[in-house]
Amino acid sequence: MSNFICPVCSEPLTIKDKSYICKKKHSFDISSKGYVNLLPANKKHSSNPGDDKLMVIARNNFLSLGYYSHLKETLENLCEKYSKNNVNILDCGCGEGYYTQGVFEKLSNSGKNVQIQGIDISKDAVAIASKRVKNGQFAVASSFHLPVEKKSIDILINCFSPLCVKEFARVLKKNGIFLYVVPAPKHLWQLKEALYENPYENQLKEEQYEGFKLIETVKAEKEIFIDNNKDINNLFTMTPYVYRSPKDAREILLKAESLSVNAHFIIYVYKKI
């Protein structure tokens, strides 16, 4: 069985041999790494969209060491709180599957019947996610054209990824839950101070989206201490600052041997109405 639909004709996809196939005979091969590419060429904005391999590897190395485990645990608890015994979860912008894995294992271990799928526009990220979560289904796809059946998802997770409220409303069931994770105002503040003369806080605004009701706002905050240069480099490389910070400041940061930094997040919990 498959939880995906055809990106060409929107018919359900079934898994046959090593491909996803719809009844109109559109076929999409499952890669050797376990994911399927459901991003049509005419929907790409570049030959290799999404985060590049260097950023993906850095983020996977950093997250795998547990620096953001407090965010993972908060997401796990929220999914458990809002899920029934049978739950279908979509991680939209799943990246390397760090949070996807945590949610799947938490709910499975609590006795729930969990179906989980993840999509990301970066094939390098999805390749790691599909290996990390063996019982999930993963696809290269766009948040703005989700290859997912309408009204099929109980919980949708969006963690630092593009927001497409119209698509999220389409795929969520009535009373379905949308978990929207954003950086808090002073997230990575000390990193910004090391890079910029006048660092700025992240702007926050509690939005009301059509078709959704904001029911809860949850914080996941921790100051983390990084005691080695390798992990500092990974943190820096996984952020957008690696491409848009002053060269001199960047070179100083990349030689640092320790860093205390805020890992502060806010999760907006919306219900589809």
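Analyst: Happy to! Keep in mind that this is a predicted model. Let's begin with helix α2: its buried residues pack against α3 (98-109), β8, β9, β10 and β11.

User: Which residues of α2 are the buried ones?

Analyst: They are Ser-69, His-70, Leu-71, Lys-72, Thr-74, Leu-75, Glu-76, Leu-78 and Cys-79.

User: And how does α2 lie relative to those strands?

Analyst: Helix α2 (residues 69-82) lies across β8 (153-159), β9 (172-183), β10 and β11 (259-272). With β10 it makes an angle of about 155°.

User: How far does α2 reach from end to end?

Analyst: From the first C-alpha to the last, α2 spans 20 Å with its 14 residues. That is close to the 20 Å expected at 1.5 Å a residue.

User: What is Glu-76 in contact with?

Analyst: Setting aside neighbours within four places in sequence, Glu-76 is in contact with Gly-102, Val-103 and Lys-106.

User: Okay, new topic: the sheet. What order do the strands come in?

Analyst: Eight strands form an open sheet, in the order β4-β7-β6-β5-β8-β9-β11-β10, and the pairing is mixed. At the edges are β4 (36-37) and β10 (212-226), each of which pairs on one side only.

User: What holds strands together, anyway?

Analyst: Strands of a sheet pair through backbone hydrogen bonds, either parallel or antiparallel.

User: So do β4 and β7 run parallel or antiparallel?

Analyst: Parallel: two bridges join β4 to β7 (residues 137-140). In those bridges, Val-36 is partnered with Ala-139, and Asn-37 with Val-140.

User: What about β7 and β6?

Analyst: Strand β6 (residues 113-120) pairs with β7 over four bridges, also in the parallel sense. Gln-117 stands opposite Gln-137 of β7 there.

User: Which way do the side chains of β7 point?

Analyst: Gln-137 and Ala-139 point one way, Phe-138 and Val-140 the other way, and all are buried. In a regular strand the side chains alternate between the two faces of the sheet.

User: Nice. How many residues does the largest nonpolar core have?

Analyst: That core has 54 residues, and Tyr-68 and Leu-179 have the most contacts inside it. Its largest share, six residues, comes from β11. Another core, of 34 residues, lies apart from it; among them are Cys-22, Leu-146, Cys-164 and Leu-214.

User: What does Tyr-68 touch?

Analyst: Not counting residues up to four places away in sequence, Tyr-68 touches residues including Phe-62, Leu-63, Tyr-98, Met-238 and Phe-265.

User: Where is Met-238, then?

Analyst: Met-238 lies in the loop between α7 (229-237) and α8 (247-253). Met-238 is buried, with a relative accessible area of 10%. Apart from neighbours within four places in sequence, its contacts are Met-55, Ala-58, Arg-59, Phe-62 and Tyr-68.

User: And how far apart are Met-238 and Asn-60?

Analyst: In sequence they are 178 residues apart, while in space their C-alpha atoms are 8.7 Å apart.

Note on methods. Residues are numbered from 1 along each chain as its sequence is written. This is a predicted model: local features need pLDDT of at least 70, side-chain atom pairs count only at pLDDT 80 or more; totals for chains, interfaces and linings use all residues. Side-chain values use heavy atoms; hydrogens and water are left out. Two strands pair if DSSP finds at least two bridges between them. Contact means heavy atoms within 4.5 Å. Axes are lines fitted to C-alpha atoms, for helices over the stretch in contact, and angles run from 0 to 180 degrees between N-to-C directions. The expected span of a helix is 1.5 Å times one less than its number of residues. Buried means under 20% relative accessible area, exposed over 50%, partly exposed in between (1.4 Å probe, protein chains only). A nonpolar core is a set of buried Ala, Val, Leu, Ile, Met, Phe, Trp, Tyr and Cys residues joined through side-chain atoms within 4.5 Å.
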